[in-house]
Each structure stands twice: as structure tokens, then as C-alpha cells.
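Biologist: I would like a close look at a single part of this model. Please keep it brisk.

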Amino acid sequence: MLPFVYTALPMRVIFGSGTLVHLNRELAALDRHRALVLSTPAQEQQANAIADQLGRSSVGIFAGAVMHTPVEVTERALQKVAKTGADALVSVGGGSTIGLGKALSLRTSLPQIVVPTTYAGSEVTPILGQTVGGRKTTVRDPNLLPKVVLYDVDLTLTLPGPLSITSGINAIAHAAEALYAINANPVVSAIAEIGIASLARALPRIREMPADRSARYDALLGAWTCGICLGSVDMALHHKLCHTLGGAFDLPHSETHTALLPYTLAYNSGSSPVAIQRIASALGAEDAPRGLFELVGRLGAPRALKDIGMPREGIRLASELAVASPYPNPARVTQDRVHHLLERAWEGLPPDLKEYRGFNDA
Ligand code: NAD
């Protein structure tokens, strides 16, 4: 009988196809009438279309969001907020745009409505990672949560195929680590299984046909549920390594998650056999690390860190950084073991199950 604490995260979620039409109604329901629309430069056109849809309830757009939420960008966006007298933020995009919305909300208390277009899950977490002078730090505050999340399957149809795959595996990583989190609980674990299964079903169909609306529905539903896991319980070695590699070598976010996850699951397979088995069942595989490694291969995503820009000489530094301030993890985290894991992941070799099964020494 495992005792647990469960903190529900308050938010309003609207989910479906064509749901963007409800944006004006949702903004009015918050009694806000001067929204600033945020996006990356790549989604500027979409931001403009949303500002047009809002008409007089929009004060314009800021299309300067970039990955890892650098404070210089937040400061430029703050000037736009002040100049326009915005009273709400509408973020349309993935984790980068949503991160900017959270950074602005943290500084201004403006309410956010988020329209997510990737599977990263930031829209449902009270977490903000921001970069100051090249160093990324994390803030956790319930006030960072958007007031409304408007999931519109139609807006994900344009997410490029390869990014859809890696973004989907990024989401699976949140749910997988939730299943062996130190503060895991039965509710979040059940949600995690739903999320993994939904994405495992959807991603092969999206690879075949990126415009398959029903597959996109399943993937977005999986992204939401996996995001809930990320926002509700503590993440472990996998997220620590991704944050470390992303920060130290500027590796792409979802690709790093995708290449590493089979190895980090293998690392924890000896100390969390039940959680790892639940991940396998949700994936529809016999074995979670191998099943995921094979799935990533079938989906055509990069499986080796060397193929996404990681320098081989970086393995030592990364393993030092990862053990310097580790996240709580089921198997003990040592520099030698992490070094071994990163060597295999750098080459993209199949995860070394036999060796990792011995890591049951938390
Ligand atoms: P992203 O937001 O950087 O998007 C990647 C690119 O795809 C961008 O150019 C974007 O404009 C484009 N794009 C997004 N959706 C599109 C669509 N539907 N059609 C066409 N193009 C589209 O990538 P991401 O992986 O979603 O986010 C990564 C960032 O989010 C990182 O900085 C990461 O740290 C952060 N993140 C934070 C949390 C959290 O809880 N705080 C969770 C996950 C990720």
C-alpha cells in the first residue's frame, strides 16, 4: 500500500478539430480585450491570422520566440506588452512560444490562453525554463499555468513529419518517467499509460500520412496526457540528461529526448521493473527499452547522439554535469554508469539490457 499525495492542476481544456473558433469567446470570458499574440518567427503568419480573428480584441503580435526562453527575448517582448497595453497573452506554437508566454506572465501576471501546435506539453505544466547568460534555470510556480488551453487538431497538421515523431517521443518521455517518479501516484500513472499508448498508436500513422486527422487527434490527446504527467510529478535521469545535453551542447530538444530515452529506460529497468513493464505494455512491446529503440528506428528518427550534433569529447563533461546535481532517480546515478550510457547513445547501439538490469541499487 503506497501512500501518496496528489495535487490536481487547475486549467480549462478545450479539445477537438476546429476549436480555434472558440478563442474570441474564451478571451471575452476572461474579461480581457487586448490580447498580444505570441509565436516564433516561423509561425508569424499563423499569429497574424489569429490576431485578425481576434480583431479589436488584439493589440498585435510578437513573433520573436526562440528555444530555451532567453531573457533578452523576454525583455524585448515585455517592451511590446508595455507599449501596446496588452491585458492578455495568446501563445500559438510549441514549447518555445509557450515558454515566452509563461516568462511574460511571470513578470506581468497577465493571463495566458495557449494554442499548442507541437506535442511538447509545456501548456499544462507550472514549469518555466529560461536562459540567462547561456545558463538555463527552472522556475516552478502554479501561477505559470495558462487559464485556457485550446487544442485544435487542425493546427498540428502542418507540424513537419520528422518533428512530429520526435515531439511525440518527447511526450512519451514525460509519461515514462512519471511511472517511476519518486512521487508517482496511481492517478498520474494511469494517465501516463493512456498517453504512451495513444502516441505509440498515432506516430506510425503520422509517419505514413502526416495529414491523417484521426492520428493527429490521438497524438495530441497523448501529448496532453503526457504533459499532465510532466506537470504533476518529478522527472528523473532522462530529463536531467536531456537538460544537461541541451544546455551544454545546444542539442535540439525533441531529438535529444528521442535518442536518449531507450537508454535511460534501460538504466532504470533493474530498479523499476514494474514501471518499465507498464511502459512496455503501453507501447505494445515485449520490452520497453528495446521496443522503443526499434520504434524510433521504424519511425526514421535519429537514434544516435552523434547524428544530432553531440561531440564525442562531450561525453565526459556531460556525465560529470549529470551527477553533479542529479534529479531523483530509481537506480543510483554514478559517473561511470552515465558515461557508459552516453557512449552507447552516442553511437546509437542497442541499449545494453544485461548490464543495466544489475542497476537495482537505488
Ligand atoms: P518549438 O516550440 O521550438 O517548435 C519547433 C519549431 O516548429 C518552431 O520553429 C515552431 O515555430 C515550429 N512549429 C511548431 N508547431 C508547428 C506546426 N504545427 N506547424 C509548423 N511549424 C510548427 O519546439 P518544442 O519541441 O515544442 O519546444 C521546445 C522548447 O520547449 C524547449 O525550449 C523546451 O525546453 C521547452 N519545453 C518546456 C516544457 C515545460 O514544461 N516548461 C515542456 C516541454 C518543452
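Which unit do S2, helix H2 and S3 make, and of which hand? Please go on to the residues around that part.

Modeller: This is a predicted model. S2, helix H2 (residues 44-54) and S3 form a β-α-β unit, and it is right-handed.

Start with strand S2, residues 35-38. Ala35 and Val37 point one way from the strand. Leu36 and Leu38 point the other way. All four names share one state: Ala35, Leu36, Val37 and Leu38 are buried.

Now the pairing. S2 runs parallel to strand S3 (residues 58-62), and four bridges join them. Val37 has Ile61 as its bridge partner in S3. S2 also pairs with strand S4 (residues 88-93). That pairing is parallel too, over four bridges. Here Leu38 stands opposite Ser91 of S4.

Next, a loop residue. Thr117 sits in the loop between strand S5 (112-116) and strand S6 (127-132). Its relative accessible area is 4%, so Thr117 counts as buried, the cut-off being under 20%. The side chain of Thr117 makes a polar contact of 3.2 Å with the side chain of Gln43.

The surroundings of Thr117 can be listed. Leaving out residues up to four places away in sequence, Thr117 touches Gln43, Val92, Gly93, Gly94, Leu155, Thr156 and Leu159.

Key
Residues are numbered from 1 along each chain as its sequence is written. This is a predicted model: local features need pLDDT of at least 70, side-chain atom pairs count only at pLDDT 80 or more; totals for chains, interfaces and linings use all residues. Side-chain values use heavy atoms; hydrogens and water are left out. Helices (H or I, at least four residues) and strands (E, at least two) are DSSP runs, numbered from the N terminus. Buried means under 20% relative accessible area, exposed over 50%, partly exposed in between (1.4 Å probe, protein chains only). A polar contact is a pair of N or O atoms within 3.5 Å; within protein, one must be able to donate a hydrogen and the other to accept it, and residues adjacent in sequence count only if both atoms are side-chain atoms. Contact means heavy atoms within 4.5 Å. Two strands pair if DSSP finds at least two bridges between them. A crossover is right-handed if, with the strands pointing away from the viewer, the path from the first strand over the helix to the second runs clockwise.
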